[in-house]
Protein chains: 2
Amino acid sequence: MIETLAWTGSALRLLDQTKLPRETVYVDITDERQMHDAIRRLVVRGAPAIGVAAAFGVYLGVRNAGTIDALDRVCDYLATSRPTAVNLFWAIDRVKRIGRERGADAILAQAIAMIDEDHRVNRAIGANGLALLDSIADRKSKIGNPVSILTHCNAGGLCSAGFGTALAPVYLGHERGRRFHVYVDETRPLMQGSRITAYELQANDVPATLICDTMTAAVMSQGKVDAVIVGADRIAANGDAANKIGTLGVAILARHFGVPFFVAAPTSTIDAATKTGADIPIEQRDAAEVTRFAGTQTAPEGVNVYNPAFDVTPAALITSIITERGVATPPNAEKIAELLKSPRSS
Amino acid sequence: MIETLAWTGSALRLLDQTKLPRETVYVDITDERQMHDAIRRLVVRGAPAIGVAAAFGVYLGVRNAGTIDALDRVCDYLATSRPTAVNLFWAIDRVKRIGRERGADAILAQAIAMIDEDHRVNRAIGANGLALLDSIADRKSKIGNPVSILTHCNAGGLCSAGFGTALAPVYLGHERGRRFHVYVDETRPLMQGSRITAYELQANDVPATLICDTMTAAVMSQGKVDAVIVGADRIAANGDAANKIGTLGVAILARHFGVPFFVAAPTSTIDAATKTGADIPIEQRDAAEVTRFAGTQTAPEGVNVYNPAFDVTPAALITSIITERGVATPPNAEKIAELLKSPRSS
């Protein structure tokens with residue numbers, strides 16, 4: 001797998017995902033301002049990776065200040081980088097508690113441990129998801145034929161430290177000799193599908209077909225999709241899931257065509273304090289993301305634009321939520337609460 | 001309205017729509033090869049405009065050959081420019097018959113008459129559509145508030161010689177003091193929504209908001225859309241409608257959210273010889289439309305791409321088909337046959 005982030009001993013090295021697929025460039029982040037900027041500009045993106053990066057950002061801020069007294073200020077500051085992904089707040093809270101009790105070095109140790117933890121969590125999500133895909137393959141008698149997955153945005157290796165979430169079942173299955181074909185929605189406006197998902201699937205030798213977001217319905221109508229798997233940026237206590245803009249549309253299409261729609265995410269993405277999807281703050285981003293592409297103007301000057309970064313898929317449209325601790329089918333408040341009470345997978 | 005096409009006396013002057021919104025450039029087409037290229041490259045696009053342009057292309061080919069004997073060859077050649085829009089074949093057949101009986105000058109006279117006819121047809125579609133929108137406004141008690149329309153691709157003035165089809169009710173209503181707000185899907189891959197629809201709505205002072213195709217579901221889920229209106233490239237005898245890729249998805253979302261979904265098209269778009277949508281040939285276009293944007297690479301080299309230019313929306317998902325001769329609600333084989341038998345509007 002391509003490395004999303006790594007600790008160099010003095011800095012967090014990030015793959016600059018804004019430059020994909022044209023350039024594979026790493027940047028070394030050495031202070032909390034750079035980290036804030038990297039998260040806000042999507043140099044590092046994807047809920048799990050944002051969490052890990054933020055934990056390192058807290059360490060870098062405290063280290064540079066030379067005093068643990070900076071902890072609250074650094075944490076508050078980093079929490080303003082993006083509003084929707086709950087893993088950001090979860091990770092910051094976690095290292096804040098540890099820092100307060102045990103100091104800066106303990107924050108660093110925790111942040112490094114979170115990389116390993118992410119790997120384990122990703123593999124556990126992969127195993128739980130793969131069991132679902134295997135049962136679909138059995139039901140469809142797809143022996144010898146690849147199972148066809150559609151995904152939106154990027155919840156692959158580059159959204160995390162490891163296998164990713166939505167693509168974890170695919171990568172784990174690929175390791176174990178299962179065959180997949182992945183339809184990749186390009187995911188306007190920032191094209192995480194074409195730029196990042198298509199890139200990493202190609203790098204990992206998983207057969208894939210890139211489509212525009214306008215083509216998802218056509219592909220499903222032709223019976224070409226066995227299952228949809230997407231990630232999530234925040235899951236409410238009732239199972240409603242915020243994810244990259246366009247996910248809600250894909251979920252509605254999947255329901256229309258009878259295609260199972262799975263959300264794969266670590267339990268750290270579940271926010272028990274958020275009752276329903278209506279309570280999830282949705283980040284609004286710059287109009288220029290829609291009116292320009294790579295510096296080229298694609299819409300008339302002065303046009304009015306609406307550019308939400310996420311939408312909320314109601315639990316009722318989700319077949320299962322796949323986590324490292326198990327699967328919620330169908331996702332609802334009870335099933336989600338059970339998952340959160342169940343033991344962590346090792 | 002911005003002029004889509006005009007006869008100069010010796011050439012057909014076309015607005016080069018591939019250059020919008022950055023440049024407003026006209027090109028003079030003087031022979032059938034240039035016309036074939038202009039249709040294929042989408043210099044001129046939209047079912048009604050393609051029909052008119054092809055009629056002029058037939059004239060130019062015969063004129064340049066200096067003999068009506070070239071008629072069949074020129075017609076056959078122009079018919080290969082694009083496969084889906086039936087108006088192309090309808091217009092070629094129409095001038096072919098006239099040319100055979102009455103010679104080259106009669107073809108030119110007919111092509112010129114088709115421009116005027118297109119204006120009349122557009123206004124009649126506008127009047128029939130506006131009645132539907134007025135009844136929605138009444139039902140929703142939108143007195144004083146704009147009716148909110150969502151459209152996909154471009155079926156406005158620039159798809160025809162006049163008002164267009166999908167936007168005709170909006171433009172006619174705008175003339176008559178009705179208030180509208182139009183959500184414009186950008187319509188990847190070729191962005192006819194952001195490049196063309198947003199451009200012409202702005203030029204005609206109709207309030208509009210540009211969104212990516214991924215945002216349609218979010219906008220509908222917020223109750224922001226009162227009705228969807230799109231055009232069509234071919235309507236089968238049973239009411240199934242081929243239109244720009246992504247239309248099927250919008251229709252499914254509209255059904256999910258209880259939003260009326262209208263298809264507006266001249267009766268020349270109805271092909272009685274095409275029984276159902278399954279019989280409509282779907283043009284596949286170059287992968288580079290998906291992997292590059294405005295010259296910038298947006299996907300990894302060598303990625304597999306699926307790029308159909310159109311999809312088919314089944315009649316069951318269409319609330320009404322709006323034509324210049326009346327409205328088919330719900331669209332089905334009987335209602336469509338009735339429309340085709342009804343007298344032309346003057």
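The second largest pocket of this predicted model holds about 490 Å³ of space, and 23 residues line it, with B:Thr18, B:Leu190, B:Arg195, B:Phe293 and B:Ala294 closest to its centre. A pocket here is an open set of points on a 1 Å grid over the protein atoms alone, where a 1.4 Å probe fits and protein lies on both sides within 12 Å along at least five of seven lines, and lining residues have an atom within 4 Å of a point. Grid points are joined across faces, edges and corners, and a volume is the space filled by probe spheres set on the points.

**Second largest pocket**
- Helix 7 (192-203) of chain B gives the largest share of this lining, three residues, while helix 10 (288-291) and strand 12 (292-293) of chain B each supply at least two.
- Helices (H or I, at least four residues) and strands (E, at least two) are DSSP runs, numbered from the N terminus.
- The lining divides into eight nonpolar, six polar and nine charged residues, where Ala, Val, Leu, Ile, Met, Phe, Trp, Tyr, Cys and Pro count as nonpolar, Asp, Glu, Lys and Arg as charged, and the others, Gly among them, as polar.

**Largest pocket**
- The largest pocket has a volume of about 560 Å³, and of its 19 lining residues A:Thr18, A:Arg41, A:Leu190, A:Arg285 and A:Glu289 lie nearest its centre.
- Its lining comprises six nonpolar, three polar and 10 charged residues.

**Basis**
- Residues are numbered from 1 along each chain as its sequence is written, and chains are lettered from A and ligands numbered from 1 in the order in which they are written.
- In this predicted model, local features need pLDDT of at least 70, side-chain atom pairs count only at pLDDT 80 or more, and totals for chains, interfaces and linings use all residues, while side-chain values use heavy atoms, with hydrogens and water left out.
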